[in-house]
Amino acid sequence: MPTQPIRTVPNPWRNVLPAGAPGSSQGTPYSFWVKQGDPKKLAVIFAGGGACWTGENCALHCRPHYRAFAGLELDPTDLGGIFDTDNPENPLADYTVAYLPTANGDVFLGDATPVYDTPAMNGHPAGEVTILHKGFDNAMLALDWMFKTYAQPDTVAVMGWSAGALASPLFTHIVARQYPAAKVTHFADGGGAYHLREKLAPLFKSWGTENVLKRVEGFEDVPIDGLTIEDLYVRAAELHPDIVFHQYNERHDAVQAMFMQMIGDRKPDVPAKLDEAHAYIRTRIANFRSYTSWGHDEAIIGGYYDAVLAKNALDNRGRPHVLDRLYTRQSNGVRFLNWFAAAITGEPVEDVACVDCETPEYHWKRPAFPQ
């Protein structure tokens, strides 16, 4: 019996293995993804994926809290958010996009190869593990590929979520220096509450962050003692007063609370730390804007969803509505998608903050259920 040939849909995402990359945390190859669009409009996305800084939270047989690999399994084709290029509202639909996974446990701020002691756990004896905290080098090789492939863009949006958000101001500076004639914009999704000062010092020491800062022109003299993530915003904004740095957070972000507790904040207060961090930045620079939403999650841009419970059994057959947050979230009457689209295209936006930060607010309207 004759058979029909299998039809395949071309994958818009190309996997790139940069030559000379140090690799992921366990020594496996590091690769990133590229979607070809308008070569004059680029977006560089630093993905989330957790972090580690001890043997216990780095070793895969213990309690790892990070993504340790960056291979073909991270194909973003089926993700939502900014990856949903079929959505006509996607402001990045026609951009050329470089998507950089995090895979070194160092939020792209690492230049070290420590050997950690590991406890006896899960059937494994106590021992040691070597971790490649080389996220900065992996990212720079990906960016070098992009710089050579797309030499003269008109606009470049630099953004990241969760772990990928933390170093995004530093990489915005690097990209802006490479493309002085381009309009460069910045957006960070999550990570705004880690205003923990001395508690961050062990992480930066493990990662070799001081080595990273010394390698970046304009950041060489940023002191590592007492360094905060907010200091990266301040220095980048001072060096680029024409770039507005943008940050999104959810007021009760449970992921940030978990990592804050791991870092040593016994009773993490995300709202209070967000306020402290934003005040720290705003007292030092003027080119910073924030959108603080209701909720307990992060990664609004990265293809994450909200489930809205049915009102009764007739509403969506008793199942929850699954909403792509990028396209449906609203706070204090301001639709996030509109704010985000303006921010990444260089249009002015005002600060937005939820008033009732416990009650969900959507641009989406619940469909009428059958009568």
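Nine strands form an open sheet of mixed pairing, ordered β1-β2-β4-β3-β7-β8-β9-β10-β15; strands pair where DSSP finds at least two bridges between them. Helices (H or I, at least four residues) and strands (E, at least two) are DSSP runs, numbered from the N terminus. The edges are β1 (13-16) and β15 (352-353), each of which pairs on one side only. Helix α9 (residues 270-282) packs on the sheet, where it touches β9 (245-250) and β10 (288-293), contact being heavy atoms within 4.5 Å. The direction of α9 makes about 165 degrees with that of β10; axes are lines fitted to C-alpha atoms, for helices over the stretch in contact, and angles run from 0 to 180 degrees between N-to-C directions.

This is a predicted model, in which local features need pLDDT of at least 70 and side-chain atom pairs count only at pLDDT 80 or more, while totals for chains, interfaces and linings use all residues. Residues are numbered from 1 along each chain as its sequence is written, and side-chain values use heavy atoms, with hydrogens and water left out.

| Strands | Sense | Bridges | A facing pair |
|---|---|---|---|
| β2 (residues 32-35) and β4 (residues 95-100) | antiparallel | three | Lys35 and Val97 |
| β9 and β10 | parallel | six | His246 and Arg289 |
| β10 and β15 | parallel | two | Thr292 and Ala353 |

Strand β10 is largely enclosed by the rest of the structure, because five of its six residues are buried; buried means under 20% relative accessible area with a 1.4 Å probe, protein chains only. Helix α11 (residues 336-344) is mostly covered, with seven of its nine residues buried, among them Phe336, Trp339 and Phe340. After α11 comes Gly346, which has a positive phi near 85 degrees.

Gly346 is also one of the residues closest to the centre of the largest pocket, together with Val184, Asp242, Ile243 and Val244. A pocket is an open set of points on a 1 Å grid over the protein atoms alone, where a 1.4 Å probe fits, with protein on both sides within 12 Å along at least five of seven lines; lining residues have an atom within 4 Å of a point. The largest pocket holds about 280 Å³ of space, and strand β8 (residues 183-189) gives the largest share of its lining, three residues.

The second largest pocket has a volume of about 170 Å³. Its lining includes Gly48, Arg67, Trp161, Asp297 and Arg325.

Key:
Grid points are joined across faces, edges and corners, and a volume is the space filled by probe spheres set on the points. Buried means under 20% relative accessible area, exposed over 50%, partly exposed in between (1.4 Å probe, protein chains only).
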